[in-house]
Amino acid sequence: MNETLINSLEKLNFCKYRFNLVFHEKTELPEYHGSFLRGTFGTALKEMFCINESKDCKSCLSINKCNYPIIFERDLINENSPPHFYVIEIGKLSDNFLFFDIILLSEGLNYLSEIIYAVKKMGTIGFGYKRHKFSLSTVEYIDMDNSEITVYKAGNEKIKKHTTFNIKNLNFDYGNKIKIVFKTPVAIKSKNTLLIELDFSSFFKSLIHRISGLFEHFFHQKLDIVFDDYLESSKNIETIEKKFEFVKLDRYSNRREEKVFLTGTKGYIVFSGNLEKFLPFIVLCQYIHTGKATTFGFGQYEIENLN
């Protein structure tokens, strides 16, 4: 394993938090409700932080120090469309209980309390088309072994201290044959065209783009790798098996006040070859997702070791 690369990637800290909700009435949600989560999250943040009577961010004198664009609409304060420091992972609805996860990256770890208050605010606004109300019961910190540690409990307005993770906490014990299973749709584009069928080269390019974008924004530095060497080596990784299908999801954009669509592809792909030099990127993005629309939950995958 390339220790120099690992030491460089170590700068990117992250944590996964599980938000446990209790709905006040019987609730039905679509299987994929990432857009509901993100939309209500944005509404709650704006209600919490906006002090402009017109609610127009572009004309606001406080735009550069308001937590709403810092967390939710980062392109309002940086025209280069910087990456968000959070990722949403949709959960499951069981009876009146729903959980979902938020992964906070780098500077986003400083905004956990604001995000907890925003989720509590979401409960008073209501979730989905029918505005189902809920209460936030607990927030749990997900450890590397998937154990859950409560860091916040309703009625006790304190956050329990906990550690953060980085790439040195991750497991790289994979052999020369792995299966990438996309749990949610992934949106990877080439020349502005959505790729329905992936191969190792297109998959790896998306990982590099994801991680390098985070490093350039958060740390103002480029990854210390020779990309062409990696690209050349990627040609030796064989695709053994794959199965993908096109996914099109509709959602309502509160900002644009119209229905828009999220598109991606979902399925699995099996790779075989000397994967060692690529594993830092593959394993890291298993936690922070890849492709576009990660704040909607897109680009979540799991690695299966087939050796």
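Biologist: Rings of Phe, Tyr and Trp (its six-membered ring) pair if their centres lie within 6.5 Å, and the planes count as stacked under 30 degrees apart, edge-to-face over 60 and tilted for the rest. Which residues do ring pairs link into a cluster?

Modeller: The cluster joined by ring pairs holds Phe182, Phe200, Phe203, Phe204, Tyr230, Phe244, Phe271, Phe278, Phe281 and Tyr301. Please note that this is a predicted model, in which local features need pLDDT of at least 70 and side-chain atom pairs count only at pLDDT 80 or more, while totals for chains, interfaces and linings use all residues. Residues are numbered from 1 along each chain as its sequence is written, and side-chain values use heavy atoms, with hydrogens and water left out.

Biologist: How many aromatic pairs are there in the whole structure?

Modeller: The search finds 27 aromatic pairs. One of them is formed by Phe23 and Phe127, a tilted pair with 6.2 Å centre to centre and 35° between the planes. This pair links distant parts of the chain, 104 residues apart: Phe23 belongs to strand 1, and Phe127 to the loop between helix 4 and strand 5. Helices (H or I, at least four residues) and strands (E, at least two) are DSSP runs, numbered from the N terminus.

Biologist: Is Phe23 buried or exposed?

Modeller: Phe23 is buried, because its relative accessible area is 3%. Buried means under 20% relative accessible area, exposed over 50%, and partly exposed in between (1.4 Å probe, protein chains only).

Biologist: And what sort of pair do Phe204 and Phe281 make?

Modeller: The planes of Phe204 and Phe281 stand at 85° with the ring centres 5.5 Å apart, so the pair is edge-to-face. Phe204 lies in helix 5 and Phe281 in helix 7 (residues 279-288), so parts 77 residues apart in sequence are tied together. Both residues are buried.

Biologist: Which residues touch the most other members of the largest nonpolar core?

Modeller: They are Tyr17, Phe19, Ile180, Phe281 and Ile282, in a core of 95 residues. Helix 5 (residues 200-218) gives the most to this core, with nine residues. A nonpolar core is a set of buried Ala, Val, Leu, Ile, Met, Phe, Trp, Tyr and Cys residues joined through side-chain atoms within 4.5 Å.

Biologist: What does Ile180 touch?

Modeller: Leaving aside residues up to four places away in sequence, Ile180 touches Phe203, Gly267, Tyr268, Ile269, Phe271, Ile282, Tyr301, Glu302 and Ile303. Contact means heavy atoms within 4.5 Å.

Biologist: Changing topic, which charged end sits over the ring of Tyr230?

Modeller: That of Lys277, 4.5 Å from the ring centre.

Biologist: On to the strands: how many bridges join strand 1 to strand 4?

Modeller: Nine bridges join these antiparallel strands, with Phe14 opposite Leu105 in strand 4. Strand 1 also pairs with strand 5, again in the antiparallel sense, over eight bridges, and here Asn20 stands opposite Thr138. Two strands pair if DSSP finds at least two bridges between them. Eight of the ten residues of strand 1 are buried.

Biologist: What do strand 5 and strand 6 form?

Modeller: They form a hairpin with five residues between them, and Asn146 in the turn has a positive phi of about 70°. Five bridges join the two strands, and Ile142 is placed opposite Glu148 in strand 6.

Biologist: Where is Met144 found?

Modeller: Met144 is in the loop between strand 5 and strand 6. Met144 counts as partly exposed because its relative accessibility is 25%. Its contacts, not counting residues up to four places away in sequence, are Phe14, Phe165, Asn169, Leu170 and Tyr287. Met144 and Asn169 are 25 residues apart in sequence, with their C-alpha atoms 7.5 Å apart.

Biologist: Last one: what do the buried residues of helix 4 pack against?

Modeller: They pack against strand 1 (14-23), helix 2 (34-49), strand 4 (97-105), strand 5 (134-142) and strand 6 (148-153). The buried residues are Leu112, Ile115, Ile116, Ala118, Val119, Met122, Gly123 and Ile125. Just after helix 4, Gly126 has a positive phi of about 105°.

Key:
A charge sits over a ring if NZ of Lys or CZ of Arg is within 6 Å of the ring centre and within 35 degrees of the ring normal.
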